[in-house]
Amino acid sequence: MSTTAAPVSSDLEINMRATAEGFVHSFDGRWAPGATMRYRAPECEHSMLPATLGLGTTKQNNQEWAAHFKRLDGLVTNAKTTVHDYLAVPSELRAVCRTSLDADTPVGPYHNDYVWFFTFDGTGQSVVSITEFVDSKAGATLLGKLNEAGLLQTH
């Protein structure tokens with residue numbers, strides 16, 4: 001019986017994975033825009049897909065993204081992120097992570113699925129580009145219910 005040694009991970013690979021997982025788990029608990037900022041480089045750009053979300057493919061800088069996300073501040077609670085898949089290409093400073101999230105909201109339970117495409121700085125400790133692919137139906141349903149309840153306008 002032969003055994004094959006597991007490949008040794010480099011510091012870069014370890015940093016990239018820790019940063020990616022830290023970022024996606026920063027949505028755990030109560031949603032607040034500041035929680036994710038510690039993983040984002042100052043020049044980080046964030047885009048959301050698919051285009052049916054109505055956000056286009058415009059990349060938002062940290063301040064724009066935080067302002068967009070702020071309207072959900074405190075409305076999503078008890079969130080729990082599960083990482084299902086992670087794949088990295090350290091030589092390109094890129095990784096992809098598939099996650100799901102379950103949470104409570106004032107309008108009922110929320111579940112969504114995400115695929116995150118990350119590009120990292122040279123150390124793997126900060127994200128310089130994020131493309132977030134989200135289940136648009138689940139997201140639109142939540143936003144619609146929050147809007148109907150008057151929570152997005154008054155929050």
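User: What should I keep in mind about the numbering and the model?

Analyst: Residues are numbered from 1 along each chain as its sequence is written. This is a predicted model, in which local features need pLDDT of at least 70 and side-chain atom pairs count only at pLDDT 80 or more, while totals for chains, interfaces and linings use all residues; side-chain values use heavy atoms, with hydrogens and water left out.

User: Good to know. Which elements does the protein chain have, and what makes a run count as a helix or a strand?

Analyst: The protein chain has five helices and five strands, and from the N terminus on they run α-α-β-α-β-β-β-β-α-α. Helices are DSSP runs of H or I with at least four residues, strands are runs of E with at least two, and both are numbered from the N terminus.

User: Why is S129 called buried?

Analyst: Buried means under 20% relative accessible area, exposed means over 50%, and partly exposed is in between (1.4 Å probe, protein chains only). S129 has a relative accessible area of 16%, so S129 is buried. This residue lies in strand β5. Leaving aside residues up to four places away in sequence, S129 touches C44, E45, K59, F117, F118 and T119, where a contact means heavy atoms within 4.5 Å.

User: And what about G22, is it buried or exposed?

Analyst: G22 has a relative accessible area of 14%, so G22 is buried. Its place is in helix α1, whose buried residues are M16, T19, A20, G22, F23 and V24. What covers them includes α2 (34–37), β1 (40–49) and β5 (127–134). The C-alpha atoms of G22 and T36 are separated by 8.3 Å, with the two residues 14 apart along the chain.

User: How much of the protein chain is buried?

Analyst: Buried residues make up 39% of the 155 residues.

User: How do you know that the length of α4 agrees with what a helix should span?

Analyst: The expected span is 1.5 Å times one less than the number of residues. Helix α4 (residues 136–148) has 13 residues and should therefore span 18 Å; its end C-alpha atoms are 18 Å apart, which agrees. Helix α1 (residues 11–25) can be set against the expectation too: its 15 residues reach 21 Å from the first C-alpha to the last, close to the 21 Å expected.

User: What puts the buried residues of α4 on the same side?

Analyst: In α4, A138, G139, L142 and L146 are buried. They cover an arc of only 100 degrees around the axis, so they are on the same side of α4. The arc is that of the directions from the helix axis to the C-beta atoms. On the other side of α4, K137 and E148 are exposed.

User: What makes the five strands a sheet, and in which order do they stand?

Analyst: Two strands pair if DSSP finds at least two bridges between them. The five strands form an open sheet in the order β1-β5-β4-β3-β2, with mixed pairing. The edge strands are β1 and β2, each of which pairs on one side only. The bridge counts include 12 for β3 and β4, which pair in the antiparallel sense, and 10 for β2 and β3, also antiparallel. In β4, W116 is the bridge partner of C97, and F118 is that of A95. K80 stands opposite D102 in β3.

User: What joins these strands?

Analyst: β3 and β4 form a hairpin with two residues between them, while the hairpin of β2 and β3 has four residues between the strands.

User: Why do L93 and N78 deserve a remark?

Analyst: Most residues other than glycine have a negative phi, and most peptide bonds are trans. Phi of L93 is near 55 degrees, a positive value in a residue other than glycine. N78, in strand β2, has a positive phi of about 50 degrees although it is not a glycine. At 22% relative accessibility, L93 counts as partly exposed, whereas N78, at 54%, counts as exposed.

User: Where is there a cis peptide bond?

Analyst: The bond from L49 to P50 is cis, with omega near 10 degrees. P50 has its place in the loop between β1 and α3 (62–70).
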